Amino acid sequence: MAGLVIVAHAPLAAALRAVAGHCFAGEHGAIEAVDVPPGWSAEQAEAEVREAVRRAGGDEVLVLADVFGATPCNAAQRVADGQRVRLAVGVNVPMLWRAMCYAGLPLDQRIERALSGGAQGVMPASPQRPQDQTLHLQPHDPSHRHHQQ
C-alpha cells in the first residue's frame, strides 16, 4: 500500500488529516501531514516533506499539496521523483477521500482516482428557484377586502 503525505499552508494539512478521520476512522493515522508556516524557508519545508515521505514508508508515496507554485508545493516537487513518490496539487476533501478509498491500488491508478475525485468534487450547488410556480402575492390591505381606495 502506498503511503500518503499532505503538504499545505498551516493549518490546512493537519485539518485535512483530521477530516480523513471522519470517514476513515483509525486509518488517518497512516497519513503524514506537513503544515508549512509562513516563516519557513524553502529548504526547511523540503526537509520536513522528505522526513514525512520517509515516515509514510511503503514502496510508493502519494503526496497531495495545496497550491501549485507555493512553498509547500515547491518543496514537494523537489522530493517527488515521479516514480516512487508522486505529487498531485490542488488537494481538497473529495481528492483526499478518493485517495484513501483506493489506497490498495498501484500508485499510477491511485493518483488518477484521486485527481478525478478532486475534480468531480467541485461543482455549483446553489439552490435553484422553483420552476412553473404560480406567484401568490400578499395583499397590502390588512382587512383582506382587496378593494381599491
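**View 1. Asp66 and its contacts in the predicted model.** Leaving aside neighbours within four places in sequence, Asp66 touches Val7, Ala8, His9, Leu12, Pro72, Val89, Gly90 and Val91 (contact: heavy atoms within 4.5 Å). Asp66 sits in the loop between β3 and α3 (helices are DSSP runs of H or I, at least four residues, and strands of E, at least two, numbered from the N terminus). Local features of this predicted model need pLDDT of at least 70, side-chain atom pairs count only at pLDDT 80 or more, and totals for chains, interfaces and linings use all residues. Residues are numbered from 1 along each chain as its sequence is written, and side-chain values use heavy atoms, without hydrogens and water.

**View 2. Asp66 and charge.** Is Asp66 buried or exposed? Asp66 is buried (under 20% relative accessible area; exposed is over 50%, partly exposed in between; 1.4 Å probe, protein chains only). Asp66 has no salt bridge (a side-chain nitrogen of Lys or Arg within 4 Å of a carboxyl oxygen of Asp or Glu). Arg78, the nearest side chain of opposite charge, is 12 Å away (Lys and Arg count as positive, Asp and Glu as negative; His and the chain ends are not counted).

View 3. Ala45, Glu46, Val49, Ala52, Val53 and Ala56 are buried. They lie on the same side of α2 because their arc around the axis is only 125° (taken from the directions from the helix axis to the C-beta atoms). Their cover includes β1, β2, β3, α3 and β4. Glu43 and Arg54 are exposed, on the face turned away from the buried side.

**View 4. After α2.** Gly57 follows α2. Its phi is positive, near 65°.
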